[in-house]
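Have the sequence and the model open as you read.

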Amino acid sequence: MAAMTVRHRQLEANGISMHVAEAGPVDASAPAVLFVHGFPELWYSWRHQMDYLAARGYRCVAPDLRGYGGTTAPPEPSSYTAFHIVGDLVALLDALHLPQVFVVGHDWGAIVSWNLCLLRPDRVRALVNLSVAFMPRNPGVKPLEYFRAAYGDDYYVCRFQEPGLEAEFAAFDLKSFFKLALTLRATGSSVMDLRKMQTYAKQIELPSWLSEEDVNYLASVYSKTGFAGGVNYYRCLDLNWELMAPWTRAKVQVPTKFIVGDGDLAYHHPGVKSYIHKGGLKRDVPMLEEVVVIKGAGHFIQQERAQEISEHIHDYIKKFEAGVLPPLRVSKL
């Protein structure tokens with residue numbers, strides 16, 4: 001981290017105060033990259049990619065999303081819809097005087113980034129999304145109905161709907177929680193199972209890609225903020241489904257590269273592999289140019305395979321450096 005200077009500031013955007021970490025040049029001519037994190041993460045998840053791209057002349061912008069870290073966390077779950085989050089990012093770009101950016105998303109940040117491209121493709125030069133593929137709206141099944149049918153009521157997405165559930169995180173030693181959350185390879189309904197995680201008694205040895213310093217940073221921030229903000233994204237799943245009805249069968253019309261680890265649980269949800277590799281993702285994202293599956297990699301891929309992911313991002317976005325956007329291929333809905 002010594003090679004990179006990270007600048008931190010608070011910006012007013014969309015009626016909230018956003019904490020933003022930045023690296024690289026600030027002049028208007030520098031191409032800008034917006035990094036969008038997931039759960040339970042912060043801007044910090046992108047530290048390696050920011051270092052790599054800043055050194056190559058990119059302006060890197062990594063906010064804490066609404067509800068996370070140093071950014072305002074409204075208490076009402078209904079304040080975390082796709083329109084709120086995308087609105088935050090658009091307002092942030094306006095505050096930074098960035099008319100168009102490259103976007104890189106992961107986990108919930110990938111979902112947010114897909115929605116940003118659906119709602120405001122004019123603000124996105126190109127997209128690199130990690131781990132979570134585009135999920136077209138199914139008009140016949142609400143998200144929570146799907147998750148309950150597939151995994152049962154104890155699945156973490158379903159349990160996160162319970163009022164006050166976020167208090168269960170307080171029972172953890174947060175350093176131990178993040179060590180488990182970031183490194184444990186869970187399967188099926190056991191992912192993010194707080195009850196099972198609380199009883200995990202084995203000594204956790206950190207992998208080479210995660211340091212005690214990293215864990216300490218996350219634990220120190222979350223000890224102040226709690227987890228309610230991040231949990232509220234899950235509580236908006238069905239509300240988002242209702243609000244996004246006008247975009248049923250809409251296409252993502254942005255040049256896109258998608259990367260996933262073959263050990264990522266998100267890659268193994270029922271039907272996801274088939275959707276990615278047998279034409280579904282290309283149908284819904286017509287400007288999809290590349291799908292990369294990284295062998296042996298898990299969910300937190302931008303940290304676990306930091307150099308590889310940084311290179312993949314750079315190799316893709318540098319094609320657009322000439323400033324000439326590829327023609328927009330419009331497909332009928």
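Glu304 counts as buried, because its relative accessibility is 16% (buried is under 20% relative accessible area, exposed over 50%, partly exposed in between, with a 1.4 Å probe and protein chains only). This is a predicted model, so local features need pLDDT of at least 70 and side-chain atom pairs pLDDT 80 or more, while totals for chains, interfaces and linings use all residues. Numbering runs from 1 along each chain as its sequence is written, and side-chain values use heavy atoms, with hydrogens and water left out.

A polar atom of the Glu304 side chain lies 3.0 Å from the backbone nitrogen of Gly298.

Gly38 is in the loop between β3 (32-36) and α1.

| Residue | Relative accessible area | Contacts |
|---|---|---|
| Glu304 | 16% | Arg185, Trp209, Gly296, Ala297, Gly298, His299 |
| Gly38 | 0% | Tyr68, His106, Asp107, Trp108, Gly109 |

Now for the helix pair. α1 (residues 47-54) packs against α14 (residues 306-317) at about 45 degrees, and their axes are 9 Å apart. Axes are lines fitted to C-alpha atoms, for helices over the stretch in contact, with angles from 0 to 180 degrees between N-to-C directions. On the α1 side, His48, Gln49, Tyr52 and Leu53 make the contact, meeting α14 residues that include Ile309 and His314.

Notes
Helices (H or I, at least four residues) and strands (E, at least two) are DSSP runs, numbered from the N terminus. Contact means heavy atoms within 4.5 Å. A polar contact is a pair of N or O atoms within 3.5 Å; within protein, one must be able to donate a hydrogen and the other to accept it, and residues adjacent in sequence count only if both atoms are side-chain atoms. Lists of a residue's contacts leave out its neighbours within four places in sequence.
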